[in-house]
Amino acid sequence: MIEDMLEELGLKVVASAAHVKKACDLAATGSFDLALLDVNLAGEFVFPAARVLRDRGIPFLFSTGYGAPPLEDEFKDAPAIGKPFSVDQLKEKLLTLLSLP
């Protein structure tokens, strides 16, 4: 459903990962402009992939179904969106993340 929302916003989804290892591999080697990271991937926190993205200077947005994002201290100020969210809410967060008009 989230991939459909991104495509509706005119964005191209180039990869997705259901497990942290694959997310880390994609974060380290992928070519993309931004990442949307579900905080919990198959019972594991996605923070290792976020660290790789941060080190590469690739912007990312956390997605979480936990209400207030249960982010580690190092990510407490990182952009996040709570699930469920609408396509308009996602657009607003992505525009802010990318600093677009």
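This is a predicted model: local features need pLDDT of at least 70, side-chain atom pairs count only at pLDDT 80 or more; totals for chains, interfaces and linings use all residues.
Me: Buried means under 20% relative accessible area, exposed over 50% and partly exposed in between (1.4 Å probe, protein chains only). So what makes Phe62 and Phe75 count as one or the other?

Reply: Both Phe62 and Phe75 are buried. Phe62 sits at 0% relative accessibility, so it falls in the buried class. Residues are numbered from 1 along each chain as its sequence is written, and side-chain values use heavy atoms, without hydrogens or water.

Me: And what about Phe47, buried or exposed?

Reply: Buried, because its relative accessible area is 1%.

Me: How many aromatic pairs are there?

Reply: Six aromatic pairs, counting rings of Phe, Tyr and Trp (its six-membered ring) with centres within 6.5 Å. One of them joins Phe47 and Phe62, with 5.7 Å between centres and 70° between planes. Planes over 60 degrees apart count as edge-to-face, under 30 as stacked and the rest as tilted, and this pair is edge-to-face. Phe47 belongs to helix 3 and Phe62 to strand 4, so the pair ties together parts 15 residues apart in sequence.

Me: Why is the pair of Phe62 and Phe75 called what it is?

Reply: Its centres are 5.5 Å apart and its planes stand at 75°, so this pair is edge-to-face. Phe75 lies in the loop between strand 4 and strand 5, 13 residues away from Phe62.

Me: What makes strand 4 "mostly covered"?

Reply: Five of the five residues in strand 4 (residues 60–64) are buried. Phe60, Phe62 and Thr64 are on one side, Leu61 and Ser63 on the other. Strands (E, at least two residues) and helices (H or I, at least four) are DSSP runs, numbered from the N terminus.

Me: How do you know which strands pair with strand 4?

Reply: Pairing takes at least two DSSP bridges. Strand 1 (residues 35–38) has four bridges to strand 4, and strand 5 (residues 80–82) has three. Both pairings run parallel. Leu36 has Leu61 as its bridge partner, while Phe62 stands opposite Ala80.
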